[in-house]
Amino acid sequence: MYLSPFFETIIGLEVHVQLRTNSKLFCGCSTEFGAAPNTHTCPVCTGMPGVLPVVNRTAVEYAIKSAITLNCEVASRSIFARKNYFYPDLPKNYQISQYEEPLAENGYLEIGTNSGRKRIGITRINLEEDAGKLLHSVGSREIDGSLVDFNRCGVPLLEIVSAPDIKSPEEAYTYLTALKSILKYLEVSDCDMEKGSLRCDANVSVRISGEKKLGVKTEVKNMNSFKAIQKALQYEVKRQVKALKDGERIIQETRLWDEKSERTDPMRSKEEAHDYRYFPEPDLVPLIVDEEWMEKIRKTIPELPDERRERFIREYGLSEYDAGVLTAEKALAEYFEQVVKLYRNPKVVTNWVMVELLGRLNAANKIVEESPVSPEQLAGLLGLIEKGTISGKIAKAVFEEMFSTGKSPQAIVTEKKLVQITDEKEIGKIVEDVLKENLDAVKEYRKGKEKALSHLVGQVMRKTQGRANPELVNKILKEKLASLI
Amino acid sequence: MELCELTAHELLEKMERKEICSKEIVESVYSRINQVEARLHSFVTLTKEEAMLQARKIDERLRKGEFSGKLAGIPVAVKDNICIRNGRTTCSSHILENFVSPYEATVVNRLREEGAVFIGKTNMDEFAMGSSTENSYFGITRNPWNLDYIPGGSSGGSATAVASNETILAIGSDTGGSIRQPAACCGVVGLKPTYGRVSRYGLVAFASSLDQIGPFGKDVEDVAILMNVISGHDENDSTSVNLDVPDFTESLIEHIKGVRIGIPKEYFVEGLDVEVERAVKKAVEVLKSLGAKPLEISLPHTEYGVAVYYLIAPSEASANLARYDGVRYGYRSPETEDLLEEYEKTRGEGFGAEVKRRIMLGTYALSRGYYDAYYLKAQKVRTLIKKDFDDAFEKVDAIVTPTAPTPAFKIGEKVDDPLQMYLSDIFTISANLAGIPGISLPCGFSNKGLPIGLQLLAKPFAEGILLRIGYTYQQNTDWHRRKPKL
């Protein structure tokens, strides 16, 4: 990306992730995604008169778990606060969040950049409740007025605010990927942007390199994928640099990313003229986290991506790069290890997982969890190669079949009669036929043209639909050719 | 003597002896309601049919020996800011005029489990904001002792209903004196429990850190019985305290020898009605004659109570009342053009003047640039007021004060002067700010024949001592036995 060397980019990200608790943050309603509108609601999450919130302990534990992992100081006492604003998707017309005394502060996340590892500061982490959803149409049908669905209302959200330590849109992308990876390892969130379980706003400013003071920032919203975030940031940085070069001033404002036109535009100022009038939530007592509880939660923290990457290198002899790819996602790392457990050749497994499996998954736009080929099935396939039942080449075709049908490799091999021919007599007969049919090639070979041999091998393979054991074909061909001389 | 004239403990005894049944009590109460309700207007909603059905069911179960609730068959009137499932809960507001609650308040649930019969929802100042029950969308309630006078507020309907025998017991809520002050005005007993003693779940919030549900009764004994039923931790209310609840009827002993009672000098100053002062001082003499040890004390931050209260309560209210927007339930202004207009008109038309005044006060106090000077400062002074009480309770077991600076005032007298109206709660507000329990009992009458209230305050969770002093006082006086002539 083009960026004048005289300018420096400063980015801070505000990430919201939905915690995957069974029930909402302040009531017992289900958090299940995709239910019929307003079926996961109760008097509490619809803001009936007289109801009171009760904090979901699991949500707090997930938040603490995340905070510990992100190297934060967890407050022994934090308080909830009301954030006041009117909107129909917010039944109480205030959101219960945290403001002056958040759950956790002063952490960091380490990411890999072109110039080595780098720490991105985490300014604060706090709990808050999600709002509902407004519908302005049903399917493609416009409706008279708007409808509101409160199913999402009260779902626990973790707000993770980074320090302005991110120096480029690419770094922002890396930070988000690393953050998502960790939260998924912790199993505290699905981090699925499509389902809205991860959302991200960015604060962006640029300044002349060497300048101490931060430039005027804009807040960019409305991005719905990591790629979109990167693009929006690239656009916004360029826009700000150009404005400064043209002698204009940056206005502090909220800008919305428009996916179609690939640009950011200012939000109408009326919509952002909020004074949230935060004050401590009197319906909730302070959240007290003692050392004993912290310790209990600490013990539930699993192996994290960085540790696992190091272990893969150590234990399986993988390269830094391969280990990095395999551990970026918890599900993939676990898939890999399950295959290795059943087929103890990590190098081979690495190849198959990284090339065949990931290749197919990407092409089909699927995630590991959705893989039609189970780890057991992949291990089975590798076993068939090792036993010589099928050749490596056939195995790739079998894998493709497994991926599209979900059938086991054994079934496919039997069904399609793909078992490798290793009977020397049988191969011998076919070789003889081929020699008779390819006298020209035989002549060429005799003249010393080695290339003719591979042509003959190819013919044998063609006759056997690739099932003949290639080494045997080679060996027998050479023998027969020699005997013909 | 009609059954409706009796106390709950008298009726429970008669029930125990099978002399009467619940149906008869409820019928007696309703016949009294028929007689006087048109003049008093204690109720927003009467639920005679349900009440009769409830009474018959309880009688049936009692007959079969299947049931032994602490309030089996006793009529209870509930303030209309406490939710009864499938019943209307209006908070005496236009904006909730037709709101039917889909759930039940914890307190109502507990009363129901002990066999209480709900006879109706009582009138109040809109959203409990007021001291005279003049701020009700459904019209004023009149003081049974003199129909030209206010019954106090905001739980004016509950106090009036008990005083006039339209119910046996009643439930109210007290944010700055809303149980104690109407109890004083109507000559009945009203208790505001310690903050956290009674669950607020299902009480429509006015000021969450101050609101507390409490009982009204004709005497201290009835209040103790009601306290036994409604007190205790509730997992639906995080601010309810997980403490064992004592049996409050065990505090009903006639013995206050050596009990130290503090008389705060800051409460006996200019503005205190002379008749009230005389009655309260006389009550102190009575207590002294019964063995109590009066002691002058100081609560130095008393003078800031009203100011602190009118910053904190409206601030919380401004958020608590934000949910009334016409989107999901309640009144919605018809035919508005857009969302903003819908909000403005719905709330502009749905709320009364006093509610709007307090929402504006609170919104202002929380606004950027004012928060520190108002809300935060008020919270700091609140801590000092609380400390005053902590210090005082090092020296005394209870504090005695007038409940209100004057007896009930005339209807309309203070409606145009909010500040004068606010001062009606000058002696009750501090207990809410400090979270301590307080009780008001009748201790005399003015020349005009209006009741005067005596307030007793104690340290957190020491409701027992209030009941003990109150019970002893009532065993030796008969103010609480006087009845208005209607």
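Predicted model: local features only at pLDDT ≥ 70, side-chain atom pairs only at ≥ 80, totals over all residues.
Local features need pLDDT of at least 70 and side-chain atom pairs count only at pLDDT 80 or more, while totals for chains, interfaces and linings use all residues. Residues are numbered from 1 along each chain as its sequence is written, and chains are lettered from A, ligands numbered from 1, in the order in which they are written.

**Entry 1: domains of chain A.** I looked up the division of chain A. Its parts are domain 1 (7-295), domain 2 (305-415) and domain 3 (424-484); the bounds come from an automatic or database domain assignment. The C-alpha centres of domain 1 and domain 3 of chain A are 67 Å apart.

**Entry 2: the contact.** Chain A gives 24 residues to the contact and chain B gives 34 residues (in contact: C-beta atoms, placed from the backbone, within 7 Å).

**Entry 3: helix 2 of chain A.** Helices (H or I, at least four residues) and strands (E, at least two) are DSSP runs, numbered from the N terminus. Helix 2 of chain A covers residues 169-185. I checked its length: 17 residues at 1.5 Å a residue should span 24 Å, and the end C-alpha atoms are 24 Å apart, which agrees. The expected span is 1.5 Å times one less than the number of residues. Of the 17 residues, 12 are buried, so the helix is largely enclosed by the rest of the structure (buried: 20 or more other C-beta atoms within 10 Å of its own, C-beta atoms placed from the backbone). Among them are Pro169(A), Tyr175(A) and Lys180(A). Just after the helix, Glu187(A) has a positive phi of about 55°.

**Entry 4: the sheet of chain B.** I traced an open sheet of 11 strands, order 1-3-2-4-6-5-10-11-9-7-8, with mixed pairing (strands pair if DSSP finds at least two bridges between them). Strand 1 (43-46) and strand 8 (293-297) of chain B are the edge strands. Strand 5 (residues 189-192) and strand 6 (residues 212-217) of chain B run antiparallel, joined by two bridges. Val189(B) stands opposite Gly217(B).

**Entry 5: helix 7 of chain B.** Just after helix 7, Gly232(B) takes a positive phi of about 125°.

Terms used
Contact = placed C-beta atoms within 7 Å.
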